[in-house]
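Here are my notes for someone opening this one up for the first time. Have a look at the chain, then read on.

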Amino acid sequence: VDFKQANAVTSPTDWISPPTLSLNNGNVGIGNGSPDHKLDVVSTGTNVAEFSGAANATVKFKGSGFVEAKIQCGGEAVFGSTNNFPTSFVTNNTERMRIDSSGNVMIGNTNASAKLDIRQDTGYALRTENASGSTFRVEADTGNIEAAGSVKMGDDTDTASADKVGTQRYRETGGASYVDMVMRTSATTYEWINIVRNVWSV
């Protein structure tokens, strides 16, 4: 079934093609005479569709028994799943990034063991650069860290504890410089232990 619009400029019987609205085997076509989806919209212009509503207007998508997703517009734009399923981002029909239902972010990986989990086999897994060109990089294949400046791993305000075992810090006092490490000193205690001391002023 086609619903056509007459071209009033020429003749009321001169129908515009393609039809304005088409019904074909349960599919609805707008600007498309042969829709092959439940809703198939074709436009010759750049404004294809618009959804308007009150504050926090929401468009929902549901797959039977699977993920439910929404696009919502209010004080902010919201996109993602509304139940216990991840949200994936795809380019070239390949998943590139995923946010799981716990809020963990994965790049190149589908199972997270940290809040940010990056899987990269070659090159750099992580790289940052500031305006002056200083970089911080983590090599994917070796795990090496490259930094344009110093890497600060701890300071005098950090309390030694089980979750900081192996952490190092650099400090200066009394004309000497020190490198300390958090180490376990008993079954229940942890302390900063000096591992290197360099006297540079007397």
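1. Strand E4 covers residues 21-24 and strand E5 residues 27-30; the two run antiparallel and are joined by 4 bridges. Asn24 faces Asn27 of E5 across the pair. Here strands (E, at least two residues) and helices (H or I, at least four) are DSSP runs, numbered from the N terminus, and two strands pair if DSSP finds at least two bridges between them.

2. Before going further, a word on what you are looking at. This is a predicted model, in which local features need pLDDT of at least 70 and side-chain atom pairs count only at pLDDT 80 or more, while totals for chains, interfaces and linings use all residues. Residues are numbered from 1 along each chain as its sequence is written, and side-chain values use heavy atoms, with hydrogens and water left out.

3. What does the chain contain in the way of helices and strands? The count is 0 helices and 19 strands. Of its 202 residues, 14% count as buried, meaning under 20% relative accessible area, with exposed over 50% and partly exposed in between (1.4 Å probe, protein chains only). Taking contacts with a separation of 6 or more, 6% are between residues 24 or more positions apart; a contact means heavy atoms within 4.5 Å. The accessible surface is about 14700 Å², with 52% of that belonging to carbon and sulfur atoms (Shrake-Rupley method, 1.4 Å probe; for residues, only the protein chains shown count as cover).

4. Now the sheet in the order E10-E11-E12-E13, an open one of 4 strands with mixed pairing. Strand E10 (87-91) and strand E13 (116-118) are at its edges with a single partner strand each, so one side of each has no neighbour in the sheet. From one strand to the next, the twist averages 20 degrees (axes are lines fitted to C-alpha atoms, for helices over the stretch in contact, and angles run from 0 to 180 degrees between N-to-C directions). Strand E12 (residues 105-107) runs parallel to E13, and 3 bridges join them. Ile107 has Ile118 in E13 as its bridge partner.

5. Another open sheet has 3 strands in the order E17-E18-E19, with antiparallel pairing. The twist here averages 30 degrees from one strand to the next. E17 pairs with strand E18 (residues 176-184) over 6 bridges, in the antiparallel sense.

6. Ala176 deserves a click. This residue belongs to strand E18 and stands opposite Thr173. Ala176 counts as buried because its relative accessibility is 1%. Leaving aside residues up to four places away in sequence, Ala176 touches Arg171, Asn198, Val199 and Trp200. Val199 is 23 residues away along the chain, yet the two C-alpha atoms are separated by 4.2 Å.

7. Finally, the rings. Arg171 has its charged end over the ring of Tyr178, 4.4 Å from the centre, and Arg169 lies over the face of Trp192, at 4.1 Å from the ring centre. The rule is that NZ of Lys or CZ of Arg is within 6 Å of the ring centre and within 35 degrees of the ring normal.
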